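Please look over the sequence and the model shown here before reading the report. The text is meant to be read with both at hand.

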Amino acid sequence: MLQSSTCEEQRSVVRFLWAKGHKPSEIHRDMRGVYGDDCMDRSNVSRWCTFFQEGRVNLSDSPRSGRPTTAAIPQNVRGIEAAILNDRRVHLFGPMKKFLAGKRFETDVEVKSAVRRRLHSNKTDFYEQGILKLVTRWEKCVEKVGDYVEK
């Protein structure tokens with residue numbers, strides 16, 4: 001079983017097996033045997049088969065309007081680090097902490113796999129709502145000069 005892969009790598013496998021005439025369900029089953037929990041889900045395999053059937057050859061994500069390609073710019077990283085250092089009460093991963101509580105892992109790979117499964121199980125709107133809430137929470141925190149706790 002492979003320990004890591006890129007999205008593009010898995011998409012190229014989908015394209016190859018699709019070109020050989022395999023059905024999306026067969027492709028997904030075969031890929032799960034190689035990529036394990038890091039395998040793209042069945043609906044994405046089907047979606048990419050449709051893309052390839054429509055003539056798509058590019059394996060990279062298409063640009064999305066209004067979205068940055070990454071949020072990990074130095075300014076954001078410094079701001080988050082400063083917020084954490086200034087207030088240790090900031091808990092960025094509370095739900096993840098609850099999800100992992102009581103579980104035992106033998107290796108780092110098992111932990112990473114569990115975290116990936118948890119992150120992939122959340123729908124896009126979960127993350128979007130969380131990001132949108134940051135603005136109002138930040139404004140409340142600034143208004144109260146840092147003396148703000150959301151319950």
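The report below goes from the whole chain to its helices, its core and a few single residues.

## Overall make-up

The model described here is predicted. The protein has 7 helices and 0 strands, and read from the N terminus its elements therefore follow one another as α-α-α-α-α-α-α.

Of the 151 residues in the protein, 13% are buried. The accessible surface comes to about 12200 Å², and carbon and sulfur atoms account for 56% of that surface. Where contacts in the protein join residues at least 6 apart in sequence, 48% of these contacts are between residues at least 24 apart.

## Helix α1

Helix α1 has 13 residues, and the distance from its first C-alpha to its last is 18 Å, close to the 18 Å expected at 1.5 Å a residue. Its buried residues are Q10, R11, V14 and L17. Around the helix axis these residues cover an arc of only 130 degrees, which means that they sit on the same side of α1. In general, an α-helix has 3.6 residues a turn, so residues three or four places apart point the same way.

The cover over the buried residues of α1 includes α2 and α3, whereas the face turned away from the buried side carries the exposed residues F16 and A19. F16, which lies in helix α1, counts as exposed because its relative accessibility is 52%, and the cut-off for exposed is over 50%. Between F16 and C49 there are 33 residues of separation in sequence and 10.0 Å in space, taken from C-alpha to C-alpha. Just after α1 comes G21, which takes a positive phi of about 95 degrees.

## Helix α3

Helix α3 covers residues 42–53, and its 12 residues should span 16 Å at 1.5 Å a residue; the C-alpha atoms at its ends are 17 Å apart, in agreement with that expectation. The buried residues of this helix are V45, W48, C49 and F52. Seen down the axis of α3, the buried residues fall within an arc of 105 degrees, and they therefore line one face of the helix.

The buried residues of α3 pack against α1 (7–19) and α2 (24–35). After α3 comes G55, whose phi is positive and near 105 degrees.

## The nonpolar core

Which residues make up the largest nonpolar core? This core has 11 residues, namely V14, L17, I27, M31, Y35, C39, M40, V45, W48, C49 and F52. Each of α1, α2 and α3 supplies at least two residues of this core, and α3 gives the most to it, with 4 residues.

I27 has its place in helix α2, and with a relative accessible area of 0% it counts as buried. When its neighbours within four places in sequence are left aside, I27 is in contact with V14, L17, W18, H22, V45 and C49. The pair I27 and V14 is 13 residues apart along the chain, and the C-alpha atoms of the two are separated by 6.5 Å. For L17, again leaving aside neighbours within four places in sequence, the contacts are with H22 and I27.

H28 also has its place in helix α2. Is H28 buried or exposed? Its relative accessibility is 16%, so H28 counts as buried, the cut-off for buried being under 20%. Not counting residues up to four places away in sequence, H28 touches C39, M40, D41, R42 and V45.

## Cysteines

How many disulfides does the structure hold? The structure holds 0 disulfides. A disulfide is a covalent bond between the sulfur atoms of two cysteines.

C49 is one of the buried residues of α3, belongs to the largest nonpolar core, and is among the contacts of I27.

Technical notes. Residues numbered from 1 in each chain as written. Predicted model: local features only at pLDDT ≥ 70, side-chain atom pairs only at ≥ 80, totals over all residues. Heavy atoms only, no water. Expected span 1.5 Å × (residues − 1). Buried < 20%, exposed > 50% of the residue type's maximum accessible area, 1.4 Å probe, protein only. Arc of directions from axis to C-beta. Contact = heavy atoms within 4.5 Å. Disulfide = S-S within 2.5 Å. Core = buried A, V, L, I, M, F, W, Y, C linked by side-chain atoms within 4.5 Å. Areas by Shrake-Rupley, 256 points an atom, 1.4 Å probe, with all protein chains shown as cover.
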